[in-house]
2 protein chains.
Amino acid sequence: MSEKKIEVADHLEILGVKGLPEIREGDDLTALFFDALEKNGLSLEDDDAIVFTSKIISKSEGRVVALSDVKTSAEAERIAEETEKDPRIAQLILNEAKEVVRVEQNIIIVETKHGFVCANAGIDESNVEEGKAVLLPEDPQSSVSRLKNEIEARSGKEVSVLTSDSFGRAFRDGVTGICVGVSGIPALLDRRGEQDRFGRIARITKEAIADEVCAAANLVMGEFSEGIPVAIVRGLRLKQPDSDIKDVLFHREADLFR
Amino acid sequence: MSEKKIEVADHLEILGVKGLPEIREGDDLTALFFDALEKNGLSLEDDDAIVFTSKIISKSEGRVVALSDVKTSAEAERIAEETEKDPRIAQLILNEAKEVVRVEQNIIIVETKHGFVCANAGIDESNVEEGKAVLLPEDPQSSVSRLKNEIEARSGKEVSVLTSDSFGRAFRDGVTGICVGVSGIPALLDRRGEQDRFGRIARITKEAIADEVCAAANLVMGEFSEGIPVAIVRGLRLKQPDSDIKDVLFHREADLFR
């Protein structure tokens, strides 16, 4: 009989961090985050999971493209016509894609170079100046690792850092917060080997903790003008120093939907 | 220009409600929930979103089947062989299905009679006696409406009630908490018409609030022996009296993945 048992928290808080300024390329997100914490009367605690929207990380890393600079290929123009998109957006989506999974209605579903299967390669024209588009961070794992190191050095607390985006889902309408980079807590919590209430050993359950944390954070972030691009999920007692969002991505051959 | 603006909460709490007994058919879940609240030193507040696992609702409604009572058809036996499942489980999955979407590896993906596209029709053999399986509630919308009415009558507070399950996802490994019934807060929060930080009008974003609430609740519920089958998400300021989880289900023809 296995004696594996994972302690879960029974009380969490989700704290929205308001008051960050509009982020520009080269901004020091860590410094701006601590300024905002102070304005919010918040201080960090050990085990805080800090969720940054991918958008502010992208903006700080200069992943904003002026559409007027985009040269379009024949393929981008063809897909743009099929989906009624701006050909320059279609081109950016192709640039970010490792593989085009599906082109249908007004959506282009691709696998990004990071391995995320999502609509429009996560490229977004909201909350950015007219005529510009925001790409996903180039290497969100490295972004969150860096932020984690900087935040831990400055606070003296052991924290985790995640970055979230809003993705649509197969079979269900609407978007939810989803994780595109995680450092410090598991992407997938492997619960195989634990016993249920009847002593039966769990066989298949892996819980996508990082995605649940980003979904929870999304409840305080909102999508638009609220200006809450960072949230703290407080009280999780899960640590995994070497976590990586790649743990949640299927190998292509294991993916039933491709 | 639209003046639509939805206020989101900037501070939420997620409270696990421990100490419910093993649930049997005919048990009064509302009474057991209030007993457990008292043991946990908790009382309800207006706007609390109360998430019950579908499993305890199913158990209270007698949606537990003894496998020895299941007669298998030739189709169930064929699918069982293909997926290396117990033919009686395959039969239960077929019984609960409106349509078989995909049979692959050891998974049978169906659309349930409720309209949920999920693996194995949500049928689960964990946390139940050996030789038994738990089906999803027959009409989870009616279950949560009833619980909402009972809980509001007893507490005098305006609450919402949701019921959650753990579903796998396309393109990502692991399960997350997902909503199979919601009464009192929106299933989908339609944010079209709101302005972003640059005054641009949002075009396509609908946020699957009920699924995010169930994902958040799952962080304190865990999957196994913790015995936390109910959680309260406190602080959401979203109300929709006539909400229905069907709002999140695609019409078949709008579903890119079928």
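Student: Where does A:T53 lie in the secondary structure?

Tutor: In chain A, strand β2, which covers residues 49-53, contains A:T53. Keep in mind throughout that this is a predicted model.

Student: Is A:T53 buried or exposed?

Tutor: The general idea is to count C-beta atoms around the residue, and 20 or more others within 10 Å make it buried. A:T53 has 25 C-beta neighbours inside 10 Å, so A:T53 counts as buried.

Student: Which residues is A:T53 in contact with, leaving aside its neighbours within four places in sequence?

Tutor: With those neighbours set aside, the contacts of A:T53 are A:S164, A:M221 and A:P229. For A:T53 and A:N149, the figures are 96 residues in sequence and 18 Å from C-alpha to C-alpha.

Student: How do I read chain A as a whole?

Tutor: Begin with the secondary structure, which in chain A comes to six helices and 12 strands. Then take burial: 49% of the 258 residues of chain A count as buried. Then take the contacts with a separation of 6 or more; in chain A, 62% of these are between residues 24 or more positions apart.

Student: How is chain A divided into domains?

Tutor: Domain 1 of chain A takes in 13-63 + 139-248, and domain 2 takes in 65-132. Between the C-alpha centres of these two domains of chain A the distance is 26 Å. Their contact draws seven residues from domain 1 of chain A and eight residues from domain 2 of chain A.

Student: Which element gives the most to the side of domain 1 of chain A that touches domain 2 of chain A?

Tutor: That is strand β8 of chain A, residues 160-168, with three residues. By class, this side of domain 1 of chain A, where it touches domain 2 of chain A, has three nonpolar, one polar and three charged residues.

Student: At what angle do helices α3 and α4 of chain A pack?

Tutor: A helix pair is read from its angle, its axis distance and its handedness. Helix α3 (residues 74-83) and helix α4 (residues 87-96) of chain A pack at about 115 degrees, and their axes are 8 Å apart. The crossing of α3(A) with α4(A) is right-handed.

Student: Which residues of α3(A) and α4(A) meet?

Tutor: From α3(A) come A:E75, A:A76, A:E77, A:I79 and A:A80, and they meet A:P87, A:A90, A:Q91 and A:L94 of α4(A). By class, this contact of α3(A) with α4(A) has six nonpolar, one polar and two charged residues.

Student: Now the strands. How many bridges join β4 and β5 of chain B?

Tutor: In a regular strand, side chains alternate between the two faces of the sheet. For the pair in chain B, six bridges join strand β4 (residues 97-104) to strand β5 (residues 107-112), and the two run antiparallel. Opposite B:R102 stands B:I109 in β5(B). The two strands, β4(B) and β5(B), form a hairpin with two residues between them, and B:Q105 in the turn has a positive phi of about 45 degrees.

Student: What is the phi of B:N120?

Tutor: The phi of B:N120 is near 60 degrees, again a positive value in a residue other than glycine. B:N120 is placed in the loop between β6 (117-119) and β7 (132-134) of chain B. B:N120 has 23 C-beta neighbours inside 10 Å and therefore counts as buried.

Methods: Residues are numbered from 1 along each chain as its sequence is written. Chains are lettered from A and ligands numbered from 1 in the order in which they are written. This is a predicted model: local features need pLDDT of at least 70, side-chain atom pairs count only at pLDDT 80 or more; totals for chains, interfaces and linings use all residues. Two strands pair if DSSP finds at least two bridges between them. Helices (H or I, at least four residues) and strands (E, at least two) are DSSP runs, numbered from the N terminus. Domain bounds come from an automatic or database domain assignment. Two residues are in contact if their C-beta atoms, placed from the backbone, lie within 7 Å. Ala, Val, Leu, Ile, Met, Phe, Trp, Tyr, Cys and Pro count as nonpolar, Asp, Glu, Lys and Arg as charged, and the others, Gly among them, as polar. A residue is buried if 20 or more other C-beta atoms lie within 10 Å of its own, exposed if 12 or fewer, and partly exposed in between; C-beta atoms are placed from the backbone. Axes are lines fitted to C-alpha atoms, for helices over the stretch in contact, and angles run from 0 to 180 degrees between N-to-C directions. A crossing is left-handed if the near helix is turned anticlockwise from the far one by less than a right angle, and right-handed if clockwise.
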